[in-house]
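Please open the model below in your viewer and keep the selection tool at hand. We will go from stop to stop together.

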Amino acid sequence: MNKAQHIALSVALFFNFSLSAIAKEAPVDSHAQWYQVDLVVFRYLNNDSGEVWPTVTDNRVLDESIRLQPFSPETGDDTTLFEIPEADKRLSRHHDIVRDAYIALPNSEMILSKQVAALGKNRNYQVITQKAWRMPVSSESDNHPVEVRAAISGQDNLLLDGTISISEERFLHVDIDLWLNKLTAESLYSTLSGKAYSNELNTSEILTSDRGTDNLIRPDNGSAPLRITDNFQIKQRRRVKNTNEIQYIDSPEIGVLFKLTPYERPETLVETGIKISKVSSQ
(Lines give C-alpha, C1' and ligand atoms only; values in the text may rest on other atoms or scores of the structure.)
Protein backbone atom coordinates (compact mmCIF):
# COMPACT_ATOMS: atom_id res chain seq x y z
CA MET A 1 0.00 0.00 0.00
CA ASN A 2 1.51 3.33 -1.02
CA LYS A 3 1.49 6.53 1.02
CA ALA A 4 -1.56 8.06 -0.68
CA GLN A 5 -3.59 4.87 -0.32
CA HIS A 6 -2.60 4.58 3.32
CA ILE A 7 -3.72 8.16 4.07
CA ALA A 8 -7.01 7.67 2.23
CA LEU A 9 -7.76 4.43 4.05
CA SER A 10 -6.79 5.84 7.44
CA VAL A 11 -9.03 8.87 7.09
CA ALA A 12 -11.88 6.73 5.77
CA LEU A 13 -11.71 4.44 8.79
CA PHE A 14 -11.21 7.43 11.08
CA PHE A 15 -14.46 9.07 10.00
CA ASN A 16 -16.34 5.83 9.43
CA PHE A 17 -17.66 6.62 5.97
CA SER A 18 -17.46 4.59 2.79
CA LEU A 19 -15.13 5.28 -0.12
CA SER A 20 -16.60 2.45 -2.17
CA ALA A 21 -18.34 2.91 -5.50
CA ILE A 22 -20.97 0.26 -4.95
CA ALA A 23 -23.72 2.63 -3.84
CA LYS A 24 -26.80 2.71 -5.99
CA GLU A 25 -26.67 5.55 -8.51
CA ALA A 26 -29.78 7.70 -8.57
CA PRO A 27 -30.25 10.34 -11.28
CA VAL A 28 -31.17 13.80 -10.08
CA ASP A 29 -34.57 15.32 -10.78
CA SER A 30 -34.45 17.48 -13.92
CA HIS A 31 -36.11 20.35 -12.04
CA ALA A 32 -34.03 22.66 -9.90
CA GLN A 33 -33.19 20.82 -6.71
CA TRP A 34 -31.77 22.61 -3.70
CA TYR A 35 -28.82 21.23 -1.76
CA GLN A 36 -26.97 22.11 1.37
CA VAL A 37 -23.25 22.06 0.64
CA ASP A 38 -20.92 21.32 3.54
CA LEU A 39 -17.19 21.75 3.03
CA VAL A 40 -14.16 21.17 5.26
CA VAL A 41 -10.57 21.79 4.18
CA PHE A 42 -7.68 20.65 6.39
CA ARG A 43 -3.93 20.23 6.10
CA TYR A 44 -1.52 17.51 7.17
CA LEU A 45 0.86 18.80 9.85
CA ASN A 46 3.24 15.82 9.88
CA ASN A 47 3.57 15.25 6.18
CA ASP A 48 6.38 12.82 5.30
CA SER A 49 5.31 12.21 1.70
CA GLY A 50 8.52 13.73 0.35
CA GLU A 51 6.52 15.98 -1.95
CA VAL A 52 8.18 19.28 -2.83
CA TRP A 53 5.93 22.28 -3.33
CA PRO A 54 6.16 23.44 -6.95
CA THR A 55 7.35 26.85 -8.11
CA VAL A 56 4.84 29.57 -7.26
CA THR A 57 2.07 29.54 -9.84
CA ASP A 58 -0.10 32.57 -10.48
CA ASN A 59 -3.77 31.81 -9.86
CA ARG A 60 -6.88 33.95 -9.76
CA VAL A 61 -10.43 33.27 -8.64
CA LEU A 62 -12.81 33.54 -11.59
CA ASP A 63 -14.61 36.87 -11.90
CA GLU A 64 -17.99 35.15 -12.16
CA SER A 65 -17.53 33.25 -8.91
CA ILE A 66 -20.08 33.81 -6.14
CA ARG A 67 -18.96 35.05 -2.74
CA LEU A 68 -20.99 33.74 0.18
CA GLN A 69 -22.88 36.39 2.11
CA PRO A 70 -22.42 36.41 5.90
CA PHE A 71 -25.42 35.59 8.03
CA SER A 72 -25.86 38.40 10.57
CA PRO A 73 -22.63 37.63 12.46
CA GLU A 74 -23.33 40.42 14.94
CA THR A 75 -26.62 38.94 16.10
CA GLY A 76 -27.62 36.08 18.36
CA ASP A 77 -30.52 33.66 18.50
CA ASP A 78 -32.70 36.22 20.29
CA THR A 79 -32.33 38.85 17.59
CA THR A 80 -35.25 39.65 15.34
CA LEU A 81 -35.05 38.44 11.76
CA PHE A 82 -37.18 41.34 10.53
CA GLU A 83 -37.55 44.88 11.79
CA ILE A 84 -40.80 46.75 11.19
CA PRO A 85 -40.01 50.48 10.92
CA GLU A 86 -42.19 53.17 12.39
CA ALA A 87 -43.26 56.14 10.26
CA ASP A 88 -40.68 56.81 7.53
CA LYS A 89 -38.07 54.36 8.76
CA ARG A 90 -36.92 51.95 6.03
CA LEU A 91 -37.34 48.19 6.30
CA SER A 92 -34.18 46.39 7.35
CA ARG A 93 -33.94 42.67 6.60
CA HIS A 94 -31.48 40.03 7.68
CA HIS A 95 -30.67 37.16 5.36
CA ASP A 96 -33.20 34.32 5.46
CA ILE A 97 -31.12 31.16 5.73
CA VAL A 98 -34.24 29.05 5.23
CA ARG A 99 -34.95 30.37 1.73
CA ASP A 100 -31.94 32.38 0.49
CA ALA A 101 -29.13 30.89 -1.60
CA TYR A 102 -25.39 31.39 -1.04
CA ILE A 103 -25.66 32.46 2.61
CA ALA A 104 -22.85 31.28 4.89
CA LEU A 105 -24.68 29.11 7.40
CA PRO A 106 -24.01 29.41 11.14
CA ASN A 107 -22.29 26.58 13.01
CA SER A 108 -25.61 25.29 14.30
CA GLU A 109 -26.66 24.46 10.72
CA MET A 110 -23.43 22.73 9.66
CA ILE A 111 -23.51 18.98 9.13
CA LEU A 112 -19.79 18.11 9.35
CA SER A 113 -19.13 19.57 12.80
CA LYS A 114 -18.40 16.14 14.33
CA GLN A 115 -15.75 15.50 11.70
CA VAL A 116 -14.21 18.92 12.36
CA ALA A 117 -14.13 18.18 16.09
CA ALA A 118 -12.41 14.85 15.44
CA LEU A 119 -9.80 16.52 13.24
CA GLY A 120 -9.19 19.14 15.90
CA LYS A 121 -8.36 16.45 18.46
CA ASN A 122 -5.71 14.90 16.24
CA ARG A 123 -2.40 16.77 16.19
CA ASN A 124 -1.64 15.46 12.70
CA TYR A 125 -4.30 17.70 11.17
CA GLN A 126 -5.18 21.39 11.14
CA VAL A 127 -8.58 22.56 9.97
CA ILE A 128 -8.22 25.49 7.58
CA THR A 129 -11.90 26.22 7.06
CA GLN A 130 -15.42 24.85 7.50
CA LYS A 131 -18.21 26.29 5.38
CA ALA A 132 -21.81 25.46 4.55
CA TRP A 133 -24.43 27.05 2.32
CA ARG A 134 -27.58 26.19 0.36
CA MET A 135 -28.08 26.57 -3.36
CA PRO A 136 -30.20 25.36 -6.29
CA VAL A 137 -28.66 23.01 -8.85
CA SER A 138 -30.22 22.46 -12.25
CA SER A 139 -29.03 21.09 -15.58
CA GLU A 140 -30.96 23.86 -17.31
CA SER A 141 -29.15 26.78 -15.66
CA ASP A 142 -25.58 27.96 -15.36
CA ASN A 143 -24.00 27.10 -12.04
CA HIS A 144 -21.34 29.62 -11.15
CA PRO A 145 -18.45 28.53 -8.92
CA VAL A 146 -18.57 29.51 -5.26
CA GLU A 147 -15.51 31.26 -3.86
CA VAL A 148 -13.67 29.54 -1.01
CA ARG A 149 -11.27 31.77 0.90
CA ALA A 150 -9.72 31.43 4.35
CA ALA A 151 -6.56 32.46 6.17
CA ILE A 152 -4.76 31.12 9.22
CA SER A 153 -1.96 32.70 11.23
CA GLY A 154 0.72 31.07 13.32
CA GLN A 155 3.98 29.27 12.71
CA ASP A 156 2.85 29.07 9.08
CA ASN A 157 0.81 31.90 7.61
CA LEU A 158 -1.48 30.44 4.98
CA LEU A 159 -4.10 31.68 2.54
CA LEU A 160 -6.57 29.23 1.03
CA ASP A 161 -8.08 30.49 -2.19
CA GLY A 162 -10.17 28.86 -4.89
CA THR A 163 -13.62 27.69 -5.90
CA ILE A 164 -16.06 24.81 -5.67
CA SER A 165 -18.65 24.23 -8.40
CA ILE A 166 -21.77 22.05 -8.18
CA SER A 167 -23.32 20.98 -11.48
CA GLU A 168 -25.84 18.49 -12.77
CA GLU A 169 -25.54 16.55 -15.96
CA ARG A 170 -27.05 13.12 -15.58
CA PHE A 171 -25.64 12.97 -12.09
CA LEU A 172 -24.31 15.53 -9.63
CA HIS A 173 -20.72 16.64 -10.13
CA VAL A 174 -18.48 18.64 -7.81
CA ASP A 175 -15.41 20.46 -9.12
CA ILE A 176 -12.83 21.41 -6.51
CA ASP A 177 -10.10 23.90 -7.42
CA LEU A 178 -8.24 25.12 -4.36
CA TRP A 179 -4.83 26.71 -3.82
CA LEU A 180 -2.99 26.71 -0.50
CA ASN A 181 -0.56 29.64 -0.41
CA LYS A 182 2.28 30.14 2.08
CA LEU A 183 2.73 33.80 3.02
CA THR A 184 5.93 35.53 4.14
CA ALA A 185 6.39 39.19 5.00
CA GLU A 186 8.29 41.13 2.37
CA SER A 187 11.94 40.98 3.45
CA LEU A 188 12.72 44.70 3.05
CA TYR A 189 9.58 45.97 4.77
CA SER A 190 11.10 46.51 8.22
CA THR A 191 14.27 48.05 6.78
CA LEU A 192 12.51 50.52 4.50
CA SER A 193 9.58 51.41 6.74
CA GLY A 194 11.25 51.31 10.13
CA LYS A 195 8.30 49.28 11.44
CA ALA A 196 8.70 45.96 13.22
CA TYR A 197 7.00 42.98 11.61
CA SER A 198 4.66 40.83 13.66
CA ASN A 199 4.21 37.19 12.70
CA GLU A 200 0.64 37.34 14.04
CA LEU A 201 -1.36 38.27 10.97
CA ASN A 202 -4.77 39.89 10.93
CA THR A 203 -6.60 37.22 8.95
CA SER A 204 -9.62 39.41 8.25
CA GLU A 205 -7.32 41.97 6.62
CA ILE A 206 -5.75 39.26 4.46
CA LEU A 207 -9.12 38.02 3.26
CA THR A 208 -10.22 41.46 2.11
CA SER A 209 -6.91 42.54 0.57
CA ASP A 210 -6.16 42.50 -3.12
CA ARG A 211 -3.46 40.37 -4.64
CA GLY A 212 -1.13 42.02 -7.11
CA THR A 213 0.35 40.56 -10.27
CA ASP A 214 3.67 40.39 -8.42
CA ASN A 215 2.21 37.80 -5.99
CA LEU A 216 2.19 40.36 -3.19
CA ILE A 217 -0.81 40.80 -0.91
CA ARG A 218 -1.01 44.34 0.41
CA PRO A 219 -3.23 44.67 3.50
CA ASP A 220 -5.42 47.77 3.55
CA ASN A 221 -4.28 48.64 7.09
CA GLY A 222 -0.76 49.44 5.89
CA SER A 223 0.91 46.46 7.55
CA ALA A 224 3.70 44.50 5.90
CA PRO A 225 3.03 43.25 2.36
CA LEU A 226 2.93 39.47 2.20
CA ARG A 227 4.60 37.52 -0.56
CA ILE A 228 3.33 34.14 -1.72
CA THR A 229 6.48 32.01 -1.44
CA ASP A 230 4.91 28.60 -2.10
CA ASN A 231 1.55 27.37 -3.27
CA PHE A 232 -0.05 23.99 -3.81
CA GLN A 233 -3.12 23.19 -5.89
CA ILE A 234 -5.73 20.51 -5.39
CA LYS A 235 -8.02 20.16 -8.38
CA GLN A 236 -10.44 17.32 -8.92
CA ARG A 237 -13.87 16.53 -10.30
CA ARG A 238 -16.00 14.08 -8.33
CA ARG A 239 -19.26 12.49 -9.39
CA VAL A 240 -21.57 12.22 -6.40
CA LYS A 241 -23.39 8.92 -6.62
CA ASN A 242 -24.90 8.88 -3.15
CA THR A 243 -25.76 12.05 -1.21
CA ASN A 244 -25.81 10.06 2.03
CA GLU A 245 -22.04 9.72 1.87
CA ILE A 246 -19.35 12.16 2.92
CA GLN A 247 -16.92 12.62 0.06
CA TYR A 248 -13.17 12.71 0.68
CA ILE A 249 -10.53 14.15 -1.67
CA ASP A 250 -6.88 13.59 -0.84
CA SER A 251 -3.63 15.28 -1.83
CA PRO A 252 -0.10 15.31 -0.38
CA GLU A 253 -0.68 18.61 1.46
CA ILE A 254 -4.39 19.14 2.08
CA GLY A 255 -7.55 17.09 2.34
CA VAL A 256 -11.13 18.01 1.54
CA LEU A 257 -14.36 16.66 3.01
CA PHE A 258 -17.66 17.63 1.47
CA LYS A 259 -21.26 16.51 1.51
CA LEU A 260 -24.28 17.40 -0.59
CA THR A 261 -27.58 17.07 1.27
CA PRO A 262 -30.91 17.48 -0.58
CA TYR A 263 -32.76 20.43 0.88
CA GLU A 264 -36.49 21.16 0.72
CA ARG A 265 -36.71 24.90 0.37
CA PRO A 266 -40.02 26.39 1.59
CA GLU A 267 -41.88 28.22 -1.16
CA THR A 268 -43.09 30.86 1.30
CA LEU A 269 -41.87 32.19 4.61
CA VAL A 270 -42.93 29.80 7.34
CA GLU A 271 -43.47 30.55 11.00
CA THR A 272 -40.44 29.32 12.93
CA GLY A 273 -40.61 31.29 16.15
CA ILE A 274 -39.08 34.36 14.52
CA LYS A 275 -39.21 37.48 16.64
CA ILE A 276 -40.51 40.68 15.08
CA SER A 277 -39.92 44.07 16.65
CA LYS A 278 -40.38 47.73 15.85
CA VAL A 279 -37.52 50.08 15.13
CA SER A 280 -37.56 53.05 17.43
CA SER A 281 -38.22 56.38 15.71
CA GLN A 282 -35.78 58.09 18.08
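Predicted model: local features only at pLDDT ≥ 70, side-chain atom pairs only at ≥ 80, totals over all residues.

Residues are numbered from 1 along each chain as its sequence is written, and side-chain values use heavy atoms, with hydrogens and water left out.

Select the five strands that form an open sheet in the order 5-6-7-9-8, with antiparallel pairing. Strands here are DSSP runs of E with at least two residues, and helices are runs of H or I with at least four, numbered from the N terminus; two strands pair if DSSP finds at least two bridges between them. Which strands stand at the edges? They are strand 5 (146-152) and strand 8 (216-217); each has a single partner strand, so one side of each is left without a neighbour in the sheet. Now move to strand 7 and strand 9 (residues 226-240), which are antiparallel and joined by 14 bridges.

**Stop two: His173.** Stay on strand 7 (residues 172-185) and pick His173. Buried or exposed? His173 is buried, at 10% relative accessible area (buried is under 20%, exposed over 50%, partly exposed in between, with a 1.4 Å probe and protein chains only). Its side chain reaches the backbone oxygen of Phe171 at 3.1 Å. Beyond residues up to four places away in sequence, His173 touches Ser165, Ile166, Ser167, Arg237, Arg238 and Arg239 (contact means heavy atoms within 4.5 Å).

**Stop three: the cores.** A nonpolar core is a set of buried Ala, Val, Leu, Ile, Met, Phe, Trp, Tyr and Cys residues joined through side-chain atoms within 4.5 Å. The largest has 30 residues, and Leu39, Trp133, Ile164 and Val256 touch the most other members. Strand 7 gives the largest share of this core, five residues. Select Val256 and look for its contacts, including Leu39, Ile176, Leu178 and Ile234. Apart from this core lies another of 10 residues, among them Phe42, Leu112, Tyr125 and Ile246.

**Last stop: a pocket.** Finish at the second largest pocket, where Arg67, Leu68, Lys131, Arg149 and Leu207 lie nearest the centre among 15 lining residues. A pocket is an open set of points on a 1 Å grid over the protein atoms alone, where a 1.4 Å probe fits, with protein on both sides within 12 Å along at least five of seven lines; lining residues have an atom within 4 Å of a point. Strand 5 supplies the largest share of this lining, five residues.

Terms used. Polar contact = N/O pair within 3.5 Å; in protein donor to acceptor, adjacent residues only side chain to side chain.
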